[in-house]
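This report describes a structure made of protein chains.

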2 protein chains.
Amino acid sequence: MMDVARSTETFAGPARKIGVFDSGVGGLTVLQAMLPRLPAAEFIYVGDTARLPYGSKSRATIARYAVSSVRFLVEQGAEFLVIACNTASALAIDEIRDAAGAVPVLGVIETGAAEAKASSTTGDVLVIATAATVESHAYAKALRGLGLRAVERACPLLVPLVEEGWIDHPVTNEVLRIYLLELLAESVEAGLDPDTLVLGCTHYPLLRGPIERALAELSPVGQSSIRVIDSAEATAERVAAALPFSSPPNIPGQITAHTTPSAPLLFFATDSVAKFRSLGTRFLGQPIEHVALVDLGG
Amino acid sequence: MMDVARSTETFAGPARKIGVFDSGVGGLTVLQAMLPRLPAAEFIYVGDTARLPYGSKSRATIARYAVSSVRFLVEQGAEFLVIACNTASALAIDEIRDAAGAVPVLGVIETGAAEAKASSTTGDVLVIATAATVESHAYAKALRGLGLRAVERACPLLVPLVEEGWIDHPVTNEVLRIYLLELLAESVEAGLDPDTLVLGCTHYPLLRGPIERALAELSPVGQSSIRVIDSAEATAERVAAALPFSSPPNIPGQITAHTTPSAPLLFFATDSVAKFRSLGTRFLGQPIEHVALVDLGG
């Protein structure tokens with residue numbers, strides 16, 4: 001699944017245009033984390049909102065959809081690709097890298113796993129994600145490659161609850177309690193002593209507070225020793241480290257023609273731009289002005 | 001929205017092959033209702049599972065998706081089309097009829113509205129449906145055309161809850177209580193005296209019991225006077241009435257070449273056939289044996 005041979009570490013070119021891909025608006029949490037770390041970069045974001053969610057679909061369909069978005073980003077001049085969608089990173093990273101050609105690709109699964117490695121002292125990790133991500137066991141495989149053990153749990157209701165806006169809501173708290181109780185029970189059965197929980201879906205950071213409270217309530221001592229991590233921050237760190245322009249450039253002449261300082265954020269959606277703007281603002285943490293509609297087929 | 005000029009009443013040909021379209025498996029509740037009423041018919045069902053859900057998407061996208069499915073059904077020889085998807089019936093019935101050409105089209109919105117008309121004595125009706133169906137006000141318009149008043153409410157969490165299998169579940173009961181309480185409050189504000197609730201999404205019949213219980217609990221007298229109706233039964237009645245072969249044919253020679261009595265049900269899905277089989281069995285109420293994968297683009 002993970003293609004370590006084509007790591008992002010080999011990238012050292014003069015790239016300024018970073019393509020960010022997600023099935024919807026969730027990847028905006030990753031973009032938000034990158035903005036302060038890469039002030040000189042130009043970002044182009046694609047949300048495949050006409051075909052979301054990916055998390056309930058098959059590997060073949062997810063790969064087909066992700067490849068069409070990635071091809072679009074490369075055509076638009078992206079020189080570095082961030083696959084902010086956990087499901088696409090889990091199921092289609094090889095197809096995405098093939099489609100990207102020479103353009104380096106970073107997926108959120110590898111950064112999430114690396115962050116879990118840095119966080120965990122027991123070596124045991126919990127993962128919550130979409131059904132497709134969990135069924136692929138991409139996180140478990142990536143974590144095993146780093147010497148960690150993992151128990152994964154699909155949480156299909158969390159994305160709809162976030163999109164309904166029920167963030168701090170009794171129903172969401174009860175759903176989290178049910179999912180996390182089952183996950184913890186499975187972890188006990190497997191003989192694990194987890195100290196880290198990976199949020200394996202870009203919607204979940206919006207539920208970080210409720211998730212941390214649910215973990216505390218489920219703990220026998222009323223205080224959880226499990227650290228909640230999301231891959232957005234870790235991904236932003238990795239991108240900044242991999243690229244040579246993570247701080248503002250000193251030589252204006254090096255700015256390439258397509259750099260437009262007054263419009264550094266380009267958003268594309270495959271469905272309603274109005275809905276992308278309104279829902280996306282909550283994920284990006286700042287207003288989204290201009291979104292263009294793009295037809296990627298289907 | 002409703003195209004009464006091209007009503008199904010004009011249909012009188014020797015059709016045997018009925019095409020049924022839905023964004024996913026929900027339309028199987030409509031197929032289930034048709035089977036005993038149309039024993040001589042051959043059915044071909046398309047579930048556009050690679051692009052579902054439609055209920056959260058825009059009119060343009062829904063129309064594009066629905067049209068590609070309808071064209072496929074016509075190419076496969078469908079002589080009568082049932083649009084079992086409420087969202088597609090609400091937002092794209094005109095585009096669907098254009099794509100269907102001479103093939104008659106029946107949508108579930110018109111049958112649901114007709115059933116509400118037959119049910120209601122107060123003339124006031126409640127409707128629950130997907131976000132897109134409610135935003136289109138297709139039910140309110142159809143009901144108004146029949147002299148009824150309506151209050152509509154989008155219930156985006158119900159489809160994910162049904163697909164999670166949480167049918168008889170405390171979380172689902174609480175979500176229903178919240179949605180229905182708001183709907184009833186809005187109905188009081190509007191000065192309505194509703195006696196009928198339309199289930200405006202093919203997933204909702206699976207929640208009929210919990211919905212009826214929630215209505216009873218929300219009633220001041222502990223017993224609801226609101227009748228819950230779904231369009232599956234009403235649609236099946238309308239199709240049987242419109243077609244001349246609603247009872248088994250007496251003349252075997254009239255069976256056309258494509259009629260295969262041993263395999264009268266043909267299923268097509270645009271995503272995983274395994275998932276269609278497993279999830280679909282719950283909606284059809286009987287095992288689904290053979291499902292073919294079809295690529296409708298996207």
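The text below starts with how far the model can be read and then moves to the contacts.

**Confidence**

The model is predicted. The predictor assigns the complex an ipTM of 0.88 and a pTM of 0.89. For chain A the mean pLDDT is 89, and 88% of its residues reach 70 or more. Where pLDDT is low, predicted coordinates should not be read in detail.

**The interface**

Chain B contributes 30 residues to the contact, and chain A contributes 30 residues. The size of an interface is often given as the accessible area lost when the parts come together. Between chain B and chain A about 2,300 Å² is buried, and carbon and sulfur atoms give 58% of that area. The rule finds 14 residue pairs in polar contact across the interface of chain B and chain A, both residues being at pLDDT 80 or more. On the side of chain B that touches chain A, the elements giving two or more residues are α2, α7 (158-164) and α8 (170-189) of chain B. Of these, α8(B) gives the most, with five residues.

Two salt bridges are counted between chain B and chain A. One of them pairs Arg64(B) with Asp295(A), at 3.6 Å from N to O. Arg64(B) sits in helix α2 (residues 59-75) of chain B and Asp295(A) in the segment after β10 (291-293) of chain A, so this pair joins two chains. Arg64(B) is partly exposed, at a relative accessible area of 32%, whereas Asp295(A) is exposed, at 56%. Asp295(B) also forms a salt bridge with Arg64(A), and the closest N and O atoms there are 3.6 Å apart.

**Salt bridges within a chain**

Over all chains the structure holds 26 salt bridges. The table lists some of them, including those across the interface.

| Pair | Distance, N to O |
|---|---|
| Asp230(A) and Arg208(A) | 3.1 Å |
| Arg64(B) and Asp295(A) | 3.6 Å |
| Asp295(B) and Arg64(A) | 3.6 Å |
| Arg227(B) and Glu115(B) | 3.8 Å |

In chain A, the side chains of Asp230(A) and Arg208(A) meet in a salt bridge of 3.1 Å. Asp230(A) belongs to strand β8 (residues 227-230) and Arg208(A) to helix α9 (residues 208-218), so the pair ties together parts that are 22 residues apart in sequence. Asp230(A) counts as buried, at 11% relative accessibility, while Arg208(A) is partly exposed, with a relative accessible area of 27%.

In chain B, Arg227(B) and Glu115(B) form a salt bridge at 3.8 Å. Arg227(B) lies in strand β8 (residues 227-230) and Glu115(B) in helix α4 (residues 108-119) of chain B, so the parts tied together are 112 residues apart in sequence. Both residues are partly exposed: Arg227(B) has a relative accessible area of 43%, and Glu115(B) has one of 23%.

Salt bridges also link Arg37(A), Glu233(A) and Glu237(A) in a network.

Notes:
Residues are numbered from 1 along each chain as its sequence is written. Chains are lettered from A and ligands numbered from 1 in the order in which they are written. Side-chain values use heavy atoms; hydrogens and water are left out. pLDDT is the predictor's confidence in each residue, from 0 to 100. A salt bridge is a side-chain nitrogen of Lys or Arg within 4 Å of a carboxyl oxygen of Asp or Glu. Helices (H or I, at least four residues) and strands (E, at least two) are DSSP runs, numbered from the N terminus. Buried means under 20% relative accessible area, exposed over 50%, partly exposed in between (1.4 Å probe, protein chains only). Contact means heavy atoms within 4.5 Å. Buried area is the accessible area (1.4 Å probe) that two parts lose on being put together, summed over both. A polar contact is a pair of N or O atoms within 3.5 Å; within protein, one must be able to donate a hydrogen and the other to accept it, and residues adjacent in sequence count only if both atoms are side-chain atoms.
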